[in-house]
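Visitor: Hi! Could you walk me through this one?
Guide: Happy to. Here it is.

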Amino acid sequence: MQKKLEDLYSFFYFLSEKEKNKFFTLAKRVSFEKDQILFWQGDLCDGILYLESGHVKVYIQNEDGDEITLYTLRAGEQCVVNTSSTISSTPALGSAVTLDKVTGYILDKHTVKELMKDSSPYQEYMFSLFALKLTSLATLVEDIKFKPLKDRILTFLKSCKSLHVEITHEQIANNLGTARVVVSRILKELEKEGKLKLQRGSITLYM
């Protein structure tokens with residue numbers, strides 16, 4: 001059963017009825033299909049998305065088109081790139097694309113700023129969001145710099161929480177910020193080691 005937005009985001013428990021009514025009166029109900037770009041790197045976001053269902057990938061891309069996934073958002077999670085751009089009126093540091101059908105609400109930047117000013121619980125939630133995502137990004141940078149790519153590939157595949165993962169070598173490369181040819185080489189090494197089996201468009205893990 002799909003949870004309501006109030007059950008997904010903790011700050012709602014601390015808002016007054018007046019503040020809750022203001023949120024849902026001014027927030028726009030939205031729905032996006034799979035593979036839809038929500039914003040591009042460099043865009044100015046004018047509202048914050050609160051996910052009720054679905055998954056969103058947030059990534060950065062260089063001039064050559066190489067990309068690396070920063071994080072994947074699930075229902076009840078808020079994008080720090082989207083939030084930062086909205087409240088500071090600065091270009092988004094990354095892009096966001098839907099991985100499946102997404103539903104939720106978008107609250108415009110003026111209402112967001114008013115809530116931050118008038119509601120201490122909401123302000124505290126926003127600060128905790130940045131602290132959490134900064135920790136996550138610091139871990140990502142540390143993994144890229146210090147963790148062997150073979151270990152990172154295995155960790156990524158296991159995070160998919162299925163022994164049979166439908167994914168391409170290019171998708172793995174994009175998520176880990178490396179080249180497809182390198183991922184393919186390491187996957188073949190892991191297959192020889194008996195840790196997985198490669199199929200066209202999928203990988204089976206041997207735990």
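Visitor: In what order do the three strands of the open sheet come?
Guide: The order is β1-β7-β3, with antiparallel pairing. Keep in mind that this is a predicted model, where local features need pLDDT of at least 70, side-chain atom pairs count only at pLDDT 80 or more, and totals for chains, interfaces and linings use all residues. Residues are numbered from 1 along each chain as its sequence is written, and side-chain values use heavy atoms, leaving out hydrogens and water.

Visitor: What counts as a strand, and as a pair?
Guide: Strands (E, at least two residues) and helices (H or I, at least four) are DSSP runs, numbered from the N terminus. Two strands pair if DSSP finds at least two bridges between them.

Visitor: Which strands stand at the edges?
Guide: β1 (28-32) and β3 do; each has a single partner strand, so one side of each is left without a neighbour in the sheet.

Visitor: How many bridges join β1 to β7?
Guide: Five bridges join β1 to β7 (residues 102-108), and the two run antiparallel. Lys28 stands opposite Ile106 in β7.

Visitor: What about the sheet with four strands?
Guide: That open sheet has the order β2-β6-β4-β5, and its pairing is antiparallel. Its edges are β2 (37-39) and β5 (67-73), each with a single partner strand, so one side of each lacks a neighbour in the sheet. Six bridges join β4 (residues 56-61) to β5, and Ile60 has Ile68 in β5 as its bridge partner.

Visitor: Switching to helices: at what angle do α6 and α7 cross?
Guide: The axes of α6 (residues 149-159) and α7 (residues 169-176) cross at roughly 110° and come within 11 Å. Axes are lines fitted to C-alpha atoms, for helices over the stretch in contact, and angles run from 0 to 180 degrees between N-to-C directions. The two helices are therefore roughly perpendicular (angles of 65 to 115 degrees count as that).

Visitor: Which residues meet there?
Guide: Leu149, Arg152, Ile153, Phe156 and Leu157 in α6 meet Ile172, Asn175 and Leu176 in α7. Contact means heavy atoms within 4.5 Å.

Visitor: And where does α7 lie relative to the strands?
Guide: α7 lies across β4 and β5, running at about 85° to β5.

Visitor: Which strands does α4 lie across?
Guide: Helix α4 (residues 109-118) lies across β3 and β7, and it runs at about 70° to β7.

Terms used:
Angles under 35 degrees count as roughly parallel, over 145 as roughly antiparallel, 65 to 115 as roughly perpendicular and the rest as oblique.
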